[in-house]
Amino acid sequence: MRIKFLGGTRQVGKSGVLVRGERTSLLLDYGVMLSREEPGFPIHVQPKQVDATILTHAHLDHSGALPMLYINGGVPLITTNLTFELTELLIEDFIGLSGFYLPYEYIDMLNMRRYLKKVSFNEHIEFKDSVIEFYEGGHLPGAGSVLIRLDGKTILYTGDVNARKTALLRGAKIDFGEVDIVITESTYALQEHPNREKVEKSFVEYAREIVEGGGTLLVPAFAVGRAQEIAIVLYKANFKYNVYMDGMALDANEILLRHGEYVRDLNSLAKALNWVKKVGGWKDRKRIVNEPCVIISPAGMLVGGAAAFYNQRISKDPKNGISFVSYQVKGTPGRQLLEEKVALINGRPRKVSADIKHFHFSSHSGRSELFDMIKRLKGNPVIFTMHGEEENCVQFAKDLKEKFGLEAVAPKIGGEYEL
Ligand SMILES: [Zn+2]
């Protein structure tokens, strides 16, 4: 069996792994790199080199390049039905934002639907020589880790995982038993996460402070997952001021409410989403930037979306706040704002006066959780670390060698391994 890393190596973005067995080739995720205006793509694969694609979750860094395989025909696409619906939502928006740079069109994305092979958690699909099992990933609604049995070997591809439960999701499965090959994410391989409840509490306190000081708090949040989680956190804390939600998060709400089996508590999700006020359009947007309130809006890293508008309007006033509630990838406007307090306003970089804070709501396992998952594995798996900044992937592999005596590698892009 050969495993080739097409992207997402020593970086976060454009994940793609090609697993080639004797008779069956599987493509695991095929995403894009989003940090610049022009998206980056993983190494190209011909559709004829692939028998099926397996998609762990909807985030564009895992899904955004998939339509390239569906331009003339396609191959089975194995994923959960929720992931598929969310993927269509995110790619459609991506085409609207970056269509000029994309080697595919809307119609190619629609074509993927014909090839969907749905799988649920704790279920398996037999495909050619392989058996493919999906397990709860805890990272995003519908997100799964994948166990693949092929040519006598068992491969665990974690996708993005979060072992700890959140206000929105149950934690990931962490017991995989006997495995020969592990391809694991490494986003927070070198960092421990703070206690989640404390993070939630300090976020709510901060929101209260800003609003009681007469300010507007912008919470740039991913449309899927984090936006809804923040709504639940504020709702459960009996937050008594107006909370608005905007943009694609509202479309994601509709989809999530139809797939209640993927969230931890559908009832509290439904109540919180009913409680937040929906932004109807530009008239609302222009009004609420002058209102003491909380605005939850994509994009989570300020790459487009209504959040980019809100940022321009509220960042000049010191009584306002911007609270980041997710990881900010290098090179994004969000990272720049967080590190340098600089935002592009009317096309020009400007120092902002609003208060900027980061709250560590992660949807990834931290160091202890990643090690715990590896420790529980039986056998002597070979481990590949990916989906993390270079230092994280390299050091994580080193640590795994030292701690557990396992063969562990941080592959480079294009790296190919015979196993
Ligand atoms: Zn993700």
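**Figure 1. The residue after helix H5 in the predicted model.** Asn238, which follows H5, has a positive phi, near 55°. The structure shown here and in the other views is a predicted model.

Figure 2. Helix H5 covers residues 226-236, and nine of its eleven residues are buried, so the helix is largely enclosed by the rest of the structure. The buried positions are Arg226, Ala227, Gln228, Glu229, Ile230, Ala231, Ile232, Val233 and Leu234. Among the elements that cover these buried residues are three helices, H4 (196-212), H6 (248-258) and H7 (266-275). The cover also includes strands S12 (216-220), S13 (243-245) and S15 (293-297).

Figure 3. Three histidines and one aspartate coordinate the zinc ion: His57 through NE2, His59 through ND1, His139 through NE2 and Asp160 through OD. The distances run from 2.2 to 2.4 Å. Angles subtended by the four donor atoms range from 90 to 171°; the arrangement is therefore irregular. A tetrahedral assignment would require all angles to lie between 85 and 135 degrees.

**Figure 4. Zinc donors in sequence and in the fold.** The donor residues of the zinc ion follow the spacing H-x1-H-x79-H-x20-D along the sequence. His59 is located in the loop between strand S4 (52-54) and helix H1 (60-63), and Asp160 in the loop between strand S10 (153-157) and strand S11 (181-185), so this pair ties together parts that are 101 residues apart in sequence. His59 counts as buried because its relative accessibility is 13%, under the 20% cut-off. Asp160, with a relative accessibility of 2%, likewise counts as buried.

Figure 5. Domain 1 is made up of residues 2-191 and 363-418, whereas domain 2 comprises residues 196-358. The C-alpha centres of domain 1 and domain 2 are 28 Å apart. Their contact involves 29 residues from domain 1 and 28 residues from domain 2.

**Figure 6. The setting of the close-up views within the chain.** The secondary structure of the chain consists of twelve helices and 22 strands. The chain has a radius of gyration of 21 Å, close to the 22 Å that the globule rule gives for 419 residues, so the chain is as compact as a globular protein of that length. Its C-alpha trace spans about 65 × 45 × 40 Å along the principal axes. Of the 419 residues, 60% count as buried. Among contacts between residues at least 6 apart in sequence, 73% join residues at least 24 apart. The chain exposes about 16800 Å², of which carbon and sulfur atoms supply 47%.

Note on methods: Residues are numbered from 1 along each chain as its sequence is written. This is a predicted model: local features need pLDDT of at least 70, side-chain atom pairs count only at pLDDT 80 or more; totals for chains, interfaces and linings use all residues. Side-chain values use heavy atoms; hydrogens and water are left out. Donors are N, O and S atoms within 2.8 Å of the metal (3.2 Å for Na, K and Ca); water is not among the atoms, so sites may look incomplete. Four donors count as tetrahedral if all angles lie between 85 and 135 degrees; four count as square planar and six as octahedral if opposite donors are over 155 degrees apart and all others between 65 and 115; anything else is irregular. Helices (H or I, at least four residues) and strands (E, at least two) are DSSP runs, numbered from the N terminus. Buried means under 20% relative accessible area, exposed over 50%, partly exposed in between (1.4 Å probe, protein chains only). The radius of gyration is taken over C-alpha atoms; the globule rule is 2.2 Å times the number of residues to the power 0.38. Contact means heavy atoms within 4.5 Å. Accessible areas come from the Shrake-Rupley method with a 1.4 Å probe; for residues, only the protein chains shown count as cover. Domain bounds come from an automatic or database domain assignment.
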